[in-house]
Amino acid sequence: MNVIGTVGLPGSGKGEAANVAEEVGIPVVVMGDVIRAECRRRGLDPAEHHGRMAGTLREEEGDDAIATRTLPLIREAAADGERDTVLVDGLRSTVELERFREAFGDDFTLVAVRAPFEIRAERLDDRGRDESDSDLEALRERDAREIELGLGETLERADVEIDNTGTLAAFRGRVREVLGVAEGEGNADEVADADPATPNAGGDGS
């Protein structure tokens, strides 16, 4: 089993990378789903309590709590899937990274998805999931929080980097390469039709 984890700042393209994986039949496990499930179990609204619940789980079960809770989901996805690869979306800290490396050894690969602040801000504004997506100062503060919590160091310890500053087609092609997907698998026609002249067309996933 190959386990590929992704790490990146908001708007870097992790969500688009997950889309590519799903299109070619690679199961995706989203670490945030663990937090949302626990919110619902405790009768809380995930939209309001997501961040607080993440902190609570780490306080109650240790800094690697979310990674540890994700492990059985990864193994289940691998058992149910047709491929021997699983993509894990959303590592945040070196503690989580070490937990996965301890569990999967050389079968775990961490992929850093990178894009500069200006491009990420534009993508988040276009995506417009909530009002804060268009607030540059809020995004800078969010970046700072993520980095302080360990995301910056986790990015630096990645095994592979994907630059997401070019076209959507180029980004998706690089993701398929990292996933070990043969040319032509997935939505190849859609990728081929992407506008090569659009400089900021990279994935807008977080």
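1. Strand 1 (residues 2–7) and strand 4 (residues 108–114) run parallel and are joined by 5 bridges; strands here are DSSP runs of E of at least two residues, and helices runs of H or I of at least four, numbered from the N terminus. Val3 stands opposite Phe108 in strand 4. The model is predicted, with pLDDT of at least 70 needed for local features and 80 or more for side-chain atom pairs, while totals for chains, interfaces and linings use all residues. Residues are numbered from 1 along each chain as its sequence is written, and side-chain values use heavy atoms, without hydrogens and water.

2. An open sheet is formed by 5 strands in the order 2-3-1-4-5, with parallel pairing (two strands pair if DSSP finds at least two bridges between them). Strand 2 (28–30) and strand 5 (160–163) stand at the edges with a single partner strand each, so one side of each has no neighbour in the sheet.

3. The axes of helix 2 (residues 32–41) and helix 3 (residues 46–61) come within 9 Å and cross at roughly 105° (axes are lines fitted to C-alpha atoms, for helices over the stretch in contact, and angles run from 0 to 180 degrees between N-to-C directions). Helix 2 is therefore roughly perpendicular to helix 3, a term covering 65 to 115 degrees.

4. Which residues of helix 6 (residues 117–127) are buried? They are Phe117, Ile119, Arg120, Ala121, Arg123, Leu124 and Arg127, where buried means under 20% relative accessible area with a 1.4 Å probe, protein chains only. These buried residues pack against helix 7 (136–148), contact being heavy atoms within 4.5 Å.

Terms used
Buried < 20%, exposed > 50% of the residue type's maximum accessible area, 1.4 Å probe, protein only. Parallel < 35°, antiparallel > 145°, perpendicular 65-115°, else oblique.
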